[in-house]
Amino acid sequence: MTRYLFRRVIGALVVLLVLSIVIYAAFYVAPGDPAQLTCGPKCSPAQVEQVRRRLGVDAPFYLQYARFLGGVVAGRDFSTGTGVLHCHAPCLGVSYRTGEQVTSLIGARLPVTASLALGAMVLWLLLGVGTGLMSALRRGRFTERALTALTLAGNAMPVFVIGLLLLVLFCSTLQWLPFPDYVSLTSDPQQWFWGLLLPWVSLALIESAKYARLTRSSMLETLAEDHIRTFRAYGVSERHLVTRHALRGALTPVIALSALDLGTMFGSAVLTESLFGLPGLGRLLVDSVAQIDLPVVVGLVLVTGFCVVVANAGADLLYAVIDRRVVLQ
């Protein structure tokens, strides 16, 4: 286990290093001048050049990237124009647009996206796995055809369409729920739950469709394996056969997909966050790309990559817990 975890940590560091290089290179050759955007349209060329030197974007690509890595490892000092700002390690830089530290910007919005992603994942796993399991056990019946039609319809609907329908139905027409307004979990747990309920349901209805189809196909494949037929021949009850043996093997691809979706959700939930007014990482990423705010974009990409790596490592550990045939190497 220790050797496995060590290899995963080394692999994660390599992935994050490659991600940071790609993002830095892409923004270095991209059109647009962050110094001009930071200074404003009325700045003179001399003022723009002064801002460019203060931001450090006048240096070559390799030097900018070396400074970034040095800040991650040992911290870094930044000029604010009137003084010096020290950014403690791991320092991801300072925003060109606001002058705030990237770690502070991400830390303020991370709980919002984490609450959205984790809550939605619980719902889509319950809906998807439950629907897929029922479809597999009711194969060839009306129940399976109805559930298959519902999952296909859910997979075809964009999240903003479902979100708008839920807002109109439950917040405007029926008035059963207030319009979503994010409140931190520590401040008011009840208001936190109600403020995220509709975003959770919107994402879950979309994502659960593919989990239902994956669970169904995996369950049917597992039920056809030799060891399942052997258990059935020995008189093992169907309920015990499904819950203790077949479902464990069928959940392996579901865990892999959920780990990937959970990690990428930290950077790709921009439509849901924008629709429901949630101040999460997705909205921050879109605004930063539009403003060519390189430190914030790099920091968000690294955080998303880290979440994907951690989620996949956790999924590999769950494989060994759920299916004893899996061996970690």
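Guide: Buried means under 20% relative accessible area and exposed over 50%, with partly exposed in between (1.4 Å probe, protein chains only). The model discussed here is predicted: local features need pLDDT of at least 70 and side-chain atom pairs pLDDT 80 or more, while totals for chains, interfaces and linings use all residues. Residues are numbered from 1 along each chain as its sequence is written, and side-chain values use heavy atoms, leaving out hydrogens and water.

Visitor: Why is Arg-52 called buried?

Guide: Arg-52 has a relative accessibility of 18%, which is under 20%, so the residue counts as buried. Arg-52 belongs to helix H3 (residues 45-55); helices (H or I, at least four residues) and strands (E, at least two) are DSSP runs, numbered from the N terminus. Beyond its neighbours within four places in sequence, Arg-52 is in contact (heavy atoms within 4.5 Å) with Asp-33, Ala-35, Val-57 and Asp-58. The C-alpha atoms of Arg-52 and Ala-35 are separated by 5.0 Å, although these residues are 17 apart along the chain.

Visitor: What makes Gln-175 count as exposed?

Guide: Its relative accessibility is 62%, and this value is over 50%, therefore Gln-175 is exposed. Gln-175 sits in the loop between helix H7 (159-173) and helix H8 (189-223). Its phi is positive, about 55°, although Gln-175 is not a glycine.

Visitor: Which peptide bond is cis, and what is its omega?

Guide: The bond joining Ala-89 and Pro-90 is cis, with omega about -5°. Pro-90 is part of the loop between strand S2 (84-87) and helix H5 (102-137).

Visitor: What makes the pair formed by Leu-127 and Thr-131 a polar contact?

Guide: A polar atom of the Thr-131 side chain lies 2.7 Å from the backbone oxygen of Leu-127. A polar contact is a pair of N or O atoms within 3.5 Å; within protein, one must be able to donate a hydrogen and the other to accept it, and residues adjacent in sequence count only if both atoms are side-chain atoms. The distance of 2.7 Å is within 3.5 Å, so the pair qualifies. Thr-131 is in helix H5 and, not counting residues up to four places away in sequence, touches Leu-147, Thr-151 and Ala-212.

Visitor: Why is H6 called oblique to H8?

Guide: Helix H6 (residues 142-156) and H8 pack at about 135°, and their axes are 7 Å apart. Axes are lines fitted to C-alpha atoms, for helices over the stretch in contact, with angles from 0 to 180 degrees between N-to-C directions. Under 35 degrees is roughly parallel, over 145 roughly antiparallel, 65 to 115 roughly perpendicular and the rest oblique; an angle of about 135° therefore makes H6 oblique to H8. The residues of this contact divide into five nonpolar (Ala, Val, Leu, Ile, Met, Phe, Trp, Tyr, Cys and Pro), three charged (Asp, Glu, Lys and Arg) and three polar (the others, Gly among them).

Visitor: At what angle do H8 and helix H10 pack, and how far apart are their axes?

Guide: H8 and H10 (residues 238-268) pack at about 145°, with axes 9 Å apart. By class, their contact has 13 nonpolar, five polar and three charged residues.

Visitor: How many helices and strands does the chain have?

Guide: The chain has 13 helices and two strands. Its C-alpha atoms fill a box of roughly 85 × 55 × 35 Å along the principal axes. Of the 329 residues, 42% are buried.
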